[in-house]
Amino acid sequence: YARFNQWSETYRNKFEFPFVMVIENATKADILAAIEGRIENDRSVEWDKACEETESMAYARLETILSD
């Protein structure tokens, strides 16, 4: 977890918001690869990506709630 924490801190320091990723079906290696790759984005690109990921999570949650 030290590596995750290091990348998370680096990400937060650069972008001033937390790393957001839909992790369903993702491995630890997938998550690390994503954060390592996305750290190279500029803030506006990464903001858009974080919003897309958050939107995906919200829709998935709504689908779960509404299907009950």
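How many helices and how many strands are there in the chain, and what can be said about helix α3?

Reply: This is a predicted model, in which local features need pLDDT of at least 70 and side-chain atom pairs count only at pLDDT 80 or more, while totals for chains, interfaces and linings use all residues. Residues are numbered from 1 along each chain as its sequence is written, and side-chain values use heavy atoms, with hydrogens and water left out.

The chain holds three helices and zero strands, where helices (H or I, at least four residues) and strands (E, at least two) are DSSP runs numbered from the N terminus, and the pattern read along the sequence is α-α-α. Along its principal axes, the C-alpha trace spans about 40 × 25 × 15 Å.

Helix α3 covers residues 43-67, and its 25 residues should span 36 Å at 1.5 Å a residue, which agrees with the 36 Å between its end C-alpha atoms; the expected span is 1.5 Å times one less than the number of residues. Within α3, E46, A50 and E53 are buried, a word that means under 20% relative accessible area, with exposed over 50% and partly exposed in between (1.4 Å probe, protein chains only). An α-helix has 3.6 residues a turn, so residues three or four places apart point the same way. The buried residues of α3 pack against α1 (2-15) and α2 (28-38), and in the chain of 68 residues, buried residues make up 22%.

Definitions and conventions: Contact = heavy atoms within 4.5 Å.
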